[in-house]
Number of protein chains: 2
Amino acid sequence: MTSMLPPRKILVLGGDGFCGWPTSLHLSSLGYDVIIIDNLSRRQIDHELETSSLTPIQPIDVRLKAWEEVSGRRIPHYLLNVAEDYSGLLEIIRQEEPDVIIHFAEQRSAPYSMKSPRLKCYTVNNNINATHNVLCAIVESGLDIHLIHLGTMGVYGYGTAKMQIPEGYLEVEVTTETGEKVHQDILYPTNPDSVYHMTKSLDQLLFLYYNKNDKLRITDLHQGIVWGTHTRETLLDERLVNRFDYDGDYGTVLNRFLIQAAVGHPLTVHGTGGQTRAFIHIQDTVRCIQLAVEHPPEAGDRVLIMNQMTETHRVKDLAELVSRLTGSEILYVANPRQEPAENEFHVNNNLFLSKGLLPTTLNEGVMLEISEIAKKYAGFADISKIPATSTWTRRQEPGVLAIPEEMV
Amino acid sequence: MTSMLPPRKILVLGGDGFCGWPTSLHLSSLGYDVIIIDNLSRRQIDHELETSSLTPIQPIDVRLKAWEEVSGRRIPHYLLNVAEDYSGLLEIIRQEEPDVIIHFAEQRSAPYSMKSPRLKCYTVNNNINATHNVLCAIVESGLDIHLIHLGTMGVYGYGTAKMQIPEGYLEVEVTTETGEKVHQDILYPTNPDSVYHMTKSLDQLLFLYYNKNDKLRITDLHQGIVWGTHTRETLLDERLVNRFDYDGDYGTVLNRFLIQAAVGHPLTVHGTGGQTRAFIHIQDTVRCIQLAVEHPPEAGDRVLIMNQMTETHRVKDLAELVSRLTGSEILYVANPRQEPAENEFHVNNNLFLSKGLLPTTLNEGVMLEISEIAKKYAGFADISKIPATSTWTRRQEPGVLAIPEEMV
């Protein structure tokens, strides 16, 4: 238990994005004073990739006005690049004096981060400077701010771990010079599988250092793949609708299956489909962040790391689930990623469960996604955008089999 | 043993700096075709801090012309910011097709990295983007280039390790879900003590990833504190002289003691002087890099990490050594750093010893530094620049006792 006053004011960096937007609404609905900083880079990337959200997301000022009409609560928005404008960020922190900062302001697609050398450099430059600027500005402000960061399960790597993945720290035994066996907790040895995941591994070390040197209170959430679109708050008004990405770069595996099913295309599985991944529904994401806000680490605590996921599935099993519900066929195509073909992945998520998280399961929720999103908006989908075309190395061929030419 | 042709062409990033310059000359003298990229940022920082090298270093074109006169060998120089100009870097790599790239192009002072929020951000931005740009450009070039990077012993941390520090990797024992004990090699858990050291910890993860995904051949040298000024090549002509930094930011502990002794000032020890650090002479630095060039990892090898240091000393013992040789008094002042007051530090450096390194020891070399550098140039020293004024946190007072006011 902390002895501080409960937090009132929360600054959300990247509050216009897929997780940031519903989080901002959820926290606002709970009575927190929410402030968004966002440079709208995700909307700019849509232009660049010639894609768009399947759901008709509104400009940020329309969204915020709708929220004010619906809830009576105002969320101010600052247009600012957190990675590039340190002084601007510091000024906002000094002026707003937030109790909590939630940091979503990172480029969050692995395929996008591998798409070209320029985008590798962009992802590293943007993500590392954004995280470091926030840490440095909190220290310079002198305020006691709890920083909550959205990391990824991918920092653990999807390799050959024969153990349940712990929450951030691993107890190891080492032998000293005198032959003594010593146990110590270390950060779980990272093993990222893309430039994007690598940036989240770097973030961990930034947190380790600033926590040690400046005693910052930091919560790092290692999140699984988020599925689902609506939350209770985004459903309150059509203008509040959340993003739904289905393209080969930003669309996660389940979303791509749903759209393929809706347009009558086979579900394209990369490689054997034996890749096991962790998942969480967007409604649980916003609930987890609420729990993280309500349970901050105390001054002097090490970085609090929690695994923000509720279940694991093999990609192949997901395809079979969607296939059963929709009658779609499954098509196996080349894997554009460099990763183990098959992996086990057992994850400990006791910290959130112990704080009261009640997971929404895929089995319950997928049918709703199919009827409420995929079928409803299928007519707007540009199916030429579904195949994943980024490859992990120059030697690989992209999985271009995904859409037969006659369908494009 | 590698089956490739021996390297001929070497690109040195940061080849105008304290380690980069003598390395470039040494490799050129051995017959390698050396090319320097340097944006001269270290000279710019001299202007900013109103300091200068105690030794009269020449402009880079004067240095390079002198080397051509002395050796008959030309070293081309490209003025380029490796961290900011990815395209320029790639173009040079494509044009020059080096066999080896040696990467010194990072801000390398811990106190400078802690001097202000702006300089923390500069250090992170410069060092991470420089390292990532090099890695990304090597991949994009498609060339099989061996990358050698100058890291620091500081990635291990100067904490409470009860073991001999291994060369990069630590064997640990973990328990699997079935209760089986498994041994595996992990990167030694990092524990950096400044923003500068933190950037070198981040670099390690960049290497881990690019080695895994793109099979890059990488050698990471964890270097101790470098002392000494001259190498065989820099002594060949006065215009080739190397830097000697004695200010509170860039001057390492031994250099500050030497100048204090030369001007008749007490040797200022931070804290108890119980801090143990690793050291290496600049002549051994250039020899180690030669050995790294001659012993590259093979394709498919993990990152080769070697500890580039030859001896360890407590700061207090160094002060006593200089005091014995010069008659100077020792003055204990507040420690501006946040670090353990005392530490043990045993380091394994078998890899370089096994490749033929014959260390120059402090006991032999310090007297020469006193007579050849400190006494010779003492008249040029600005003693107001000697105190270390950067502090690690806002709570600390700088060690301002270092120079009594009447002497400034």
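**Figure 1. Pairing of strands β10 and β14 in chain B of the predicted model**. Strand β10(B) and strand β14 (residues 330-333) of chain B run parallel and are joined by four bridges; two strands count as paired if DSSP finds at least two bridges between them. Within β14(B), B:Y332 is the bridge partner of B:V269. Strand β10 (residues 267-270) is covered on both faces, with B:L267 and B:V269 buried on one side and B:T268 and B:H270 buried on the other. A residue is termed buried if 20 or more other C-beta atoms lie within 10 Å of its own, exposed if 12 or fewer do, and partly exposed in between, with C-beta atoms placed from the backbone. Helices (H or I, at least four residues) and strands (E, at least two) are DSSP runs numbered from the N terminus. The model is predicted: local features need pLDDT of at least 70, side-chain atom pairs count only at pLDDT 80 or more, and totals for chains, interfaces and linings use all residues. Residues are numbered from 1 along each chain as its sequence is written, and chains are lettered from A and ligands numbered from 1 in the order in which they are written.

**Figure 2. The open seven-strand sheet of chain B**. The strand order is β3-β2-β1-β4-β5-β8-β12, with parallel pairing. Strands β3 (77-78) and β12 (304-308) form the edges, each pairing on one side only. Five bridges connect strand β1 (residues 9-13) to strand β2 (residues 33-37), and these two run parallel. B:I10 has B:V34 as its bridge partner in β2(B).

**Figure 3. Surroundings of B:L13 in the nonpolar core**. The largest nonpolar core has 220 residues, and A:L13 and B:L13 have the most contacts inside it. Such a core is a set of buried Ala, Val, Leu, Ile, Met, Phe, Trp, Tyr and Cys residues joined through C-beta atoms within 7 Å. Apart from neighbours within four places in sequence, B:L13 is in contact with B:I37, B:V82, B:I101, B:I102, B:H103, B:F104, B:A105 and B:V134. Two residues are in contact if their C-beta atoms, placed from the backbone, lie within 7 Å.

Figure 4. When neighbours within four places in sequence are left aside, A:K316 is in contact with A:V269, A:G273 and A:G274. The C-alpha atoms of A:K316 and A:L267 are separated by 9.9 Å, although the two residues are 49 residues apart along the chain.

**Figure 5. The contact between chains A and B**. Each side is made of 40 residues, from chain A and from chain B respectively. In chain A, α6 (117-141), β6 (169-175), β7 (181-187) and α7 (195-214) each supply at least two residues to the side that touches chain B. Helix α6(A) gives the most, with 11 residues. The residues of this side of chain A comprise 20 nonpolar, 13 polar and seven charged; Ala, Val, Leu, Ile, Met, Phe, Trp, Tyr, Cys and Pro count as nonpolar, Asp, Glu, Lys and Arg as charged, and the others, Gly among them, as polar. The copies meet through the same surface, because 100% of the interface residues of chain A are also interface residues in chain B.
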